[in-house]
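I am opening a notebook on a structure that is new to me. I will look things up one at a time and write down what I find.

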Amino acid sequence: MEIDEFQGQQITADDADYDTARAVWNGAIDRFPRLIARCSGAADVAAAVRFAREHDLEIAVRGGGHNVAGTAVCDDGIVIDLSAMRAVRVDPDRRTAQVQGGALWGDVDRPTQAHGLATTGGIVSHTGVAGLTLGGGIGWLMRKHGLTVDNLLAAEVVTADGELLRASEDQHPDLFWALRGGGGNFGVVTSFELRLHPVGPEVLAGPVLWDAGDTAEVLRFYRDFVRDAPDELGTVVRFGTAPPLPVVPLELHWRPVLLVGACYAGPVADAEAVLRPLRAFGRPLLDLIAPSPYVNHQSALDSTVLHGWSYYWKSTYLPELGDDLIEVIAEHAFACTSPRSYAAMFHLGGAVGRVPEAATAFGNRQVSHAITLDAVWRRGEDHADRDIAWTRRFFAALDSYREGVYVNFLGADEGPDRIRDAYGAGVYDRLVDVKTKYDSNNVFHHNQNIRPR
Ligand SMILES: Cc1cc2nc3c(=O)[nH]c(=O)nc-3n(C[C@H](O)[C@H](O)[C@H](O)COP(=O)(O)OP(=O)(O)OC[C@H]3O[C@@H](n4cnc5c(N)ncnc54)[C@H](O)[C@@H]3O)c2cc1C
C-alpha cells in the first residue's frame, strides 16, 4: 500500500519506526493504522486524502498527537501525519506568524518571542498548534488577547475532495468561521496565519502553593481575586501533588497541594501590585512567582504531563465559584490515588467573553472556568480503575454546576450530546451546515464528530 508521488515518508507495520510513529501523547491509546503518511507539505496531504478516499480507508489526522482522546491515530486506516511540517515564519512588522499544521506550541513561542511577540497558545509547550487552535485555544494570554481562534487570520486547508483552499474573513468565510472552534471536521489544515502581540519577553509569572487542606479557604479568596483581576492576569489552579521539579524543595515533592499558576501579560512593574494579594494570602508553602522569560513559563509544566503515560479525562465548564461549588471541589479534588493524577482549572473571561458568540464556532464564551479532572497512571501501576472512577465521581458531583464543555478536553466516545454541549444548539446547527457543504460524506469523522445532514 503506497501513495504515488508522495514526497514524505510512508510508514507501515514493516518499518522499524512504526511503533514510534503510531504512538501519541496518551499512552493508553494503542492503535494500529495500515499506513502512516508523514507528509512533507500540502501536496502530500492532498495526495493522502485522495488516496484514502480511493481505497476507502478511514482517515485520522495528526497534528501534535496530543489529544487525550487519541483521535490522531486510528486502527486499520491511514494517519495523515503532519509531524514533519513544523516550520514557523514570523513577520515582525505585520506581527503575524505563518505556522505549519504539525507545529507544537514550543515551535511557535521561541521564534515569536525572539521579536518580543506571542499569541495565545497552550500552557504545555509540547501540545500541537493545529488541534488546539481548531478547538478554540485557551491559555495564559487569552484574557488579554483572546482565544487562539480570535487571533487566527487565515488557514490553508485540504478539503475532503483533496482541494487546497485558503479560508479567511474574505475567502470561504463560512469555512473560516467553522475552523475557529469546530475542530478537525472540515479538512486538514496545512498552515495557520496567526496574529501576534507584544508580550514580555520577560513576564511576572509562576505558581504559589498551599497545602491541600487549605483548598476551600484559598478558593474563596481566589474567586474574589480573579473577579476583579485585569485582563493581563491569566491564572490556572492545579489540584494535585507538588511535582518533583528542581525548583520545588525536596520536602514538598509529592505533597498534595493547591497551586495557583499565574502569568501577567503586561509590564512586570504593574504585575507586582496585582499579584501581591495572592502571594500574601493565607499560609503559602512556596511562592515561585518571579520575573521570567515568557518562553520558559510556557514550558514550565511540560514534565508534569509526559508523553507515554496513560491518561483519562473528564471535563466541564463551570460558573463563578460559589461557596457550595467550592465545597464540592475541595471534597473531591484530592481523592485520587496516583500522585500524578490532578485537576486543572483555567480562568476564562476578559477578552474571551467580549467576542460576540456568533463570530466564531467556539461555544460558551461567557463561562468563568474550564476544569479537567485527569487520571494519570504509568505502565504497570494499578491506579487506572480507581482514578478513572475518581474522575467520574468528581464529575458527577459537579453535575448541577456544569455549563457545557471545551471540545478539546473531551475524552473518547463521550457521545454526541457532549459534543453538542461544547457548542450550544445555535453554533452546533451552523457547524452542521458547513460540514454538509464541505464534507457531506463525513470523510473527516475520526474526531469529536459533527455529522453532516
Ligand atoms: C497536557 C495537555 C495540556 C493541554 N493544554 C491545553 C491548553 O493550555 N489550552 C488548550 O486550549 N488546550 C489544551 N490542551 C488540549 C489540546 O488543545 C488538545 O489536546 C488538542 O487536540 C491538541 O492538538 P494536537 O494537534 O496536538 O492534537 P492531535 O492529537 O494531533 O489531533 C487531535 C484532533 O485534532 C484534529 N487535527 C489535528 N491536526 C489537524 C490539522 N492539521 N488539520 C485538521 N485537523 C487537525 C484532528 O481531528 C485530530 O483528531 C491540552 C492537552 C493536553 C494533553
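Predicted model: local features only at pLDDT ≥ 70, side-chain atom pairs only at ≥ 80, totals over all residues.

**Entry 1: cysteines.** I started with Cys-74. Its sulfur lies 13 Å from the closest cysteine sulfur, which belongs to Cys-39, and that is too far for a bond. A disulfide would be a covalent bond between the sulfur atoms of two cysteines. I then searched the whole structure and found zero disulfides. Is Cys-74 buried or exposed? I noted Cys-74 as buried, because its relative accessibility is 0%, and buried means under 20%. I looked up Cys-263 as well, and it is buried, with a relative accessible area of 0%.

**Entry 2: the ligand.** Next I turned to the ligand.

I then checked single atom pairs. A backbone N or O atom of Gly-65 sits 2.6 Å from an oxygen atom of the ligand. Thr-71 uses its side chain: a polar atom there lies 2.7 Å from a ligand oxygen. Val-189 places a backbone N or O atom 2.8 Å from a nitrogen atom of the ligand. How much of the ligand's accessible area does the protein cover? I read 97% of the 940 Å² that the ligand has on its own.

I sorted the shell around the ligand by class.

**Entry 3: helix 3.** I moved on to helix 3, residues 105-113. Seven of its nine residues are buried, so helix 3 is largely enclosed by the rest of the structure. I wrote down the buried ones: Trp-105, Gly-106, Asp-107, Val-108, Asp-109, Thr-112 and Gln-113. What do they pack against? I noted strand 5 (88-91), strand 6 (96-100), strand 7 (117-118), helix 4, strand 10 and helix 9 (294-297).

**Entry 4: Ile-419.** I picked out Ile-419, in helix 13 (residues 416-423). With a relative accessible area of 7%, Ile-419 is buried. What does Ile-419 touch, leaving out residues up to four places away in sequence? I found Leu-410, Tyr-428, Gln-448 and Asn-449. I also checked Val-407, which is 12 residues from Ile-419 along the chain. The C-alpha atoms of these two are separated by 6.7 Å.

**Entry 5: the backbone.** Most residues other than glycine have a negative phi, and most peptide bonds are trans.

I found a cis peptide bond from Gly-200 to Pro-201, with omega near 5°. Pro-201 belongs to the loop between strand 11 (197-198) and strand 12 (202-211).

Arg-95 is not a glycine, yet its phi is positive, about 55°. I located Arg-95 in the loop between strand 5 and strand 6. Arg-95 is partly exposed, at 41% relative accessible area.

Asn-442 also has a positive phi of about 55° and is not a glycine. I placed Asn-442 in the segment after helix 14 (425-438). Asn-442 is buried, with a relative accessible area of 15%.

Terms used
Residues numbered from 1 in each chain as written. Heavy atoms only, no water. Helix = DSSP H or I, 4+ residues; strand = E, 2+ residues; numbered from the N terminus. Buried < 20%, exposed > 50% of the residue type's maximum accessible area, 1.4 Å probe, protein only. Contact = heavy atoms within 4.5 Å. Polar contact = N/O pair within 3.5 Å; in protein donor to acceptor, adjacent residues only side chain to side chain. Areas by Shrake-Rupley, 256 points an atom, 1.4 Å probe, with all protein chains shown as cover. Disulfide = S-S within 2.5 Å.
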